[in-house]
Amino acid sequence: MGKVHICDHPLIQHKLTYIRDENTTTKDFRALVDEVATLMVYEITRDLPLEHVQVKTPVTTADCQVISGRMLGLIPILRAGLGMVDGVLKLMPAAKVGHVGLYRDPDTLQPVEYYVKLPTDVLERDLLVIDPMLATGGSANAAIEVLKRRGCTRIKLMCLIAAPEGVASVQKEHPDVDIYVAAVDDHLNDHGYIVPGLGDAGDRLYGTD
């Protein structure tokens, strides 16, 4: 069963409070999401393997460590997932970025796929599926399935907040995928929104209704 990792660092929790606040402006909301994404990457990349190298310092030779050749691929779910990509790239600038376009049918709440574009070497990369909200789990499950159909096996899911229903859904459909979140909230309401949540992340990122 994939593990749920709650990134509970005080800085993340502090910034998440203002992300939730309905009075936070679009500009500040966008900046806070970017910052939290950067902070979450520390936890998500904790298990990257290292290899030993020698470097010459101004004083002598030092035995050091560098990340051992593992390449990262970022797969934001359009459109809200884009708001977290730059925050990850600040720490992992060599990562390549693919895109999966999904929208949620307002009547069935099921995801509808409309766009997929992945790096040419996607099979060689550890993939991070990115979406601020894990609500019903439909979009996350669909995006992960898109990757698996193309042969991808090393996949993690990164979200700001999740509903228990969404976590359970991903764990059922993709038990091999670890989930990284800043918080797991109480429940979904009748419209499929996370409670207490933060509203519609895409609308708040881009100033739309």
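The questions and answers below concern a predicted model and take up some of its residues, its cysteines and one of its sheets.

Me: Is Met-84 buried or exposed?
Reply: Met-84 lies in helix H3, which spans residues 82-89. The cut-off for a buried residue is under 20% relative accessible area. Because its relative accessibility is 0%, Met-84 counts as buried.

Me: Which residues does Met-84 touch, not counting residues up to four places away in sequence, and what distance separates its C-alpha atom from that of Cys-159?
Reply: With residues up to four places away in sequence not counted, Met-84 touches Val-33, Ala-37, Ile-130, Asp-131, Pro-132, Met-158, Cys-159 and Leu-160. One of these, Cys-159, stands 75 residues from Met-84 along the chain. The separation between the C-alpha atoms of Met-84 and Cys-159 is 9.1 Å.

Me: With which side chain does the side chain of Lys-156 make a polar contact?
Reply: Lys-156 belongs to strand S10, residues 155-158, and counts as buried because its relative accessibility is 18%. Leaving aside neighbours within four places in sequence, its contacts include Ile-44, Asp-47, Leu-128, Val-177 and Tyr-180. The polar contact, at 3.1 Å, joins the side chain of Lys-156 to that of Asp-47.

Me: Why is the sulfur of Cys-152 too far from the closest cysteine sulfur for a bond?
Reply: A disulfide is a covalent bond between the sulfur atoms of two cysteines. Cys-152 itself counts as buried, since its relative accessibility is 6%. A disulfide requires the two sulfur atoms to lie within 2.5 Å, and a search of the whole structure finds zero disulfides. For Cys-152 the closest cysteine sulfur is in Cys-159, and the bond is ruled out because the distance between these sulfurs is 18 Å.

Me: Is Cys-64 buried or partly exposed?
Reply: A residue counts as buried when its relative accessible area is under 20%, and as exposed when it is over 50%. Because its relative accessibility is 27%, Cys-64 counts as partly exposed.

Me: Which are the edge strands of the open sheet formed by three strands?
Reply: The strands of this open sheet follow the order S9-S11-S13, and their pairing is parallel. An edge strand here pairs on one side only, and this holds for strand S9 (133-134) and strand S13 (183-184). The edge strands are therefore S9 and S13.

Me: Which residue in S11 stands opposite Met-133?
Reply: Strand S9 and strand S11, the latter covering residues 161-162, run parallel and are joined by two bridges. Opposite Met-133, the residue found in S11 is Ile-161.

Definitions and conventions. Residues are numbered from 1 along each chain as its sequence is written. This is a predicted model: local features need pLDDT of at least 70, side-chain atom pairs count only at pLDDT 80 or more; totals for chains, interfaces and linings use all residues. Side-chain values use heavy atoms; hydrogens and water are left out. Helices (H or I, at least four residues) and strands (E, at least two) are DSSP runs, numbered from the N terminus. Buried means under 20% relative accessible area, exposed over 50%, partly exposed in between (1.4 Å probe, protein chains only). Contact means heavy atoms within 4.5 Å. A polar contact is a pair of N or O atoms within 3.5 Å; within protein, one must be able to donate a hydrogen and the other to accept it, and residues adjacent in sequence count only if both atoms are side-chain atoms.
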